[in-house]
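Please read the following account with the sequence and the model side by side.

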Amino acid sequence: MPACAPTRATDPNQPRATHQAHSPPPVPHRRFGVEGADVSASIAVFLIALPLSLGIALATGAPLQAGLVAAAVGGLVAGRLGGCPLQVSGPAAGLTVVTADLIHRYGWRTTCAITVLAGLTQLGLGCLRVARSALAVSPAVVHGMLAGIGVTIAVAQLHIVLGGTPQSSVLANVRALPAQLAGLHPVAVTVSALTLALLLLWPRIPGRAGRLLRAVPAALVAVAGATAAASLAGLTLPRVDLPSWSSHALARLPEGPALGLTAAVLTTTLVCSVQSLLGAIAVDKLAAARPGLTVRVGRCDLDRELLAQGAANIVSGALGGLPVAGVAVRSSANVKAGAVSRNSTMLHGVLVVIAALLMVPLLELIPLASLAALVMAVGIQMVSLHHIRTVTRHREVPVYAVTTLGVVLLGVLEGVTLGIAVAVAVALHRLARTRITHDEKEGVHHVHVRGQLTFLAVPRLSRVLHQVPQGAHAVVELDGSFMDHAAYESLQDWQNTHTAQGGTTEVTGRRAGVSAAEPTAPVGCQCRPWTPWRNHQCERPRTAPPAEHRLVRGISAFQRNTAPLVRDELARLAREGQRPSQLFLTCSDSRLVTSMITSSGPGDLFVVRNVGNLVPLPGEESGDDSVAAAIEYAVDVLRVRSLTVCGHSGCGAMQALLHSGRSGARTPLQRWLRHGLPGLDRMADGSRPRARIAGRASAGAVEQLCLTNVVQQLEHLRAHESVARALREGALELHGMYFHVGEAQAYLLTGTGEEGVFDHVGVSDLSA
């Protein structure tokens, strides 16, 4: 960082201070100042991390100090260097099975060396900036891996809960369970039951008292309550044993077969990295969804987060700690407790260090059965019903089931490998599975394609298309999201041949017009799949189908493609009624699609359309009450917050008004256009400034009148009693808008509106 760069100004996680002219100079920030929200959040996270770190160390068979080392290093190293400021790292339940297997195979000190090597591997991957590649792993594989780890943890810790000792594998633990049940240790079972009861009931305490008590983490209450009960009752059972730090075992050079050590390093790297990166994304979403956030928290940098996790694993392994990864429970607690920067994570690490040095006598009172019950509950929670429902909805149960069983029966790396293989097989099956049918209705031949159109489906597609008789009218309905080059060329060749032989063709559905793999668009074609309901075609049939047929086809396409997507939202609106945020008054011109140019959906806009986007003044003779009624209903009943008048380029009504002027009103159209005469007078008034668009003068008299008309109709709106009252109360805003059809560009009226200045609305204006 250059010496002239102010440190605080470059930290996106700290609030920014502004200094206005003629105000007292701001109080200098303390160099090591910490927000109060970070202090309280760090305490909450520490109270969760302390018992969980000891429990995870117990579950892996590592020295209990190793859990405290990993928690401290995760807070201080990963917290300081990480790319996700609010993520809390430390020993994670997802690494329990991997670490326990490594300790069983190679011993504790070699496991520490493997942790260091895994950290170096993470550093290399972070330098290559491949962090986002981890997100390519199917969620079903990740959820299945966590579920398999959860089952393994729960089965192993059940033995300690019952007063015994876990075996080396899940199958061995299951086989030993009947004998363990026959030889129960009542004291251990009692302490474990008390721990589980407190863990389950504490978050469910009702009333105001419950809201206050829930500020204390349930994990801490469960372990502290069981410890206090065991100590007061004088129960004799195994407890936490923390030897002197002077005898703490550190890493040494790894010993064992090179292939096995390589697999161990890759497994540790995979689980640590995937869990940390997915956790970072989840924390990003949690932080963004917090209400009332006044301090900006920077978005996650996944490559930096991967580098930080690597550095933390190097330090943790070298100091004799467990592998480190982002921990979902602690991270979510950090966000919910109101943390605003990485200081909360680092402070939690400091508190863990203090506890490890000064609270050893208290920690040694904790019964091992209580920690085992806590970790068993965490393992059970890792088999998430929400995840199972999600993979079921996406038809990925085989991937989830194979991964879970593979992790339980074979190991984490083997289970994940099997899960990825099944996920690839399922994806290929879906890509290759295409159903193509042909039927005839009232002389029209329908070819329906369901699924992805790839070269594998070209023979079947060609066979079905050649069943359509020469000279017949054919409709090809594509119900899929992908079409490769081979399928596109096959369909195009058949279309050209069938048309040359006197037939007519229509291609409808999701992939009509443009293929995902189409190399180039037809000459003059500017169509793109910019909206699901597009119903135009670049190449019109030589004989246009009747209007009734086009209407039926459009309705059919809506029912097939769009209705399933909006049905739930429309059902909600039907139950709750409409609550639009604004009234949008615009012209009846068919080129103006209000939902498209405002990116709105059902229930967002209360739309009024008429020829020329006119607002008749209230009380005029022979006035049109339909517009006034819509305005009154929108303002007084629906309580909209804004009214927008939108004009557009090439308006036929303005052209007619400009050419007819004040000629006698004879037809209904001419009588209606008289409400636009004040705009014509305003344009002719030389004392008023001319309307301008994006800093330039209008392109001609028609565009000048279109712009002036928007300004004039806003004045007409202010004359309506309901609008004037809402404006006085500050409950309503008026906006003028102009849409240039040829440029597909929207302009907003700026300033007071009297000057008639319209400015661009572009992509960069999203935050305005």
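Among contacts in the protein chain (heavy atoms within 4.5 Å) between residues at least 6 apart in sequence, 74% join residues at least 24 apart. This is a predicted model, in which local features need pLDDT of at least 70 and side-chain atom pairs count only at pLDDT 80 or more, whereas totals for chains, interfaces and linings use all residues. Residues are numbered from 1 along each chain as its sequence is written, and side-chain values use heavy atoms, with hydrogens and water left out.

The mean pLDDT of the protein chain (the predictor's confidence in each residue, from 0 to 100) is 82, and 86% of the residues reach 70 or more. Residues 1-32 have a pLDDT below 50, and this stretch has 25 contacts in the model beyond near neighbours in sequence. Over residues 510-542 the pLDDT is likewise below 50, with 43 contacts beyond near neighbours in sequence.

The secondary structure of the protein chain comes to 28 helices and 14 strands; these are DSSP runs numbered from the N terminus, helices being H or I of at least four residues and strands being E of at least two. Of the 768 residues of the chain, 46% count as buried, where buried means under 20% relative accessible area, exposed over 50% and partly exposed in between, with a 1.4 Å probe and protein chains only.

The nonpolar cores come next, each a set of buried Ala, Val, Leu, Ile, Met, Phe, Trp, Tyr and Cys residues joined through side-chain atoms within 4.5 Å. The largest nonpolar core has 86 residues, of which Leu64, Ile149, Leu322 and Val412 touch the most other members. Helix 2 supplies the largest share of this core, with ten residues. Val412 touches Val97, Val98, Met145, Ile149, Thr267, Val271 and Val407, when residues up to four places away in sequence are not counted. A second, separate core of 42 residues includes Ala630, Ile631, Val640 and Met683.

How far apart are the end C-alpha atoms of helix 4? They are 29 Å apart, which agrees with the 28 Å that the 20 residues of helix 4 (residues 108-127) should span at 1.5 Å a residue, the expected span being 1.5 Å times one less than the number of residues. The buried residues of helix 4 include Trp108, Cys112, Ile114, Val116, Gln122 and Gly126. The buried residues of this helix pack against helix 2 (64-81), helix 3 (96-106), helix 10 (258-288) and helix 11 (302-318). Just after helix 4, Arg129 takes a positive phi of about 60 degrees.

Two residues can be followed from helix 2 into strand 1. Pro85 lies in the loop between helix 2 and strand 1, and it is buried because its relative accessible area is 4%. Pro85 and Val283 are 198 residues apart in sequence, yet 9.3 Å apart in space from C-alpha to C-alpha. Ser89 is found in strand 1 (residues 89-90), and its relative accessibility of 1% is why Ser89 counts as buried. The side chain of Ser89 makes a polar contact with the side chain of Gln309 at 2.8 Å; a polar contact is a pair of N or O atoms within 3.5 Å, where within protein one must be able to donate a hydrogen and the other to accept it, and residues adjacent in sequence count only if both atoms are side-chain atoms. Leaving aside neighbours within four places in sequence, Ser89 is in contact with residues including Ala71, Gly75, Glu305, Gln309, Val327 and His348.

The remaining strands form a series of pairings, two strands being paired if DSSP finds at least two bridges between them. Strand 7 (residues 582-587) is mostly covered, with six of its six residues buried. Six bridges join strand 7 to strand 8 (residues 605-610) in a parallel arrangement, and in strand 8 the bridge partner of Cys587 is Asn610. Strand 7 also runs parallel to strand 9 (residues 642-648), through five bridges, with Leu583 opposite Leu643 and Leu585 opposite Val645.

Strand 9 is largely enclosed by the rest of the structure, because seven of its seven residues are buried. Both of its faces are covered, with Ser642, Thr644, Cys646 and His648 buried on one side and Leu643, Val645 and Gly647 buried on the other. Strand 9 pairs in the parallel sense with strand 12 (residues 733-740) over seven bridges, and Cys646 stands opposite Met737 in strand 12.
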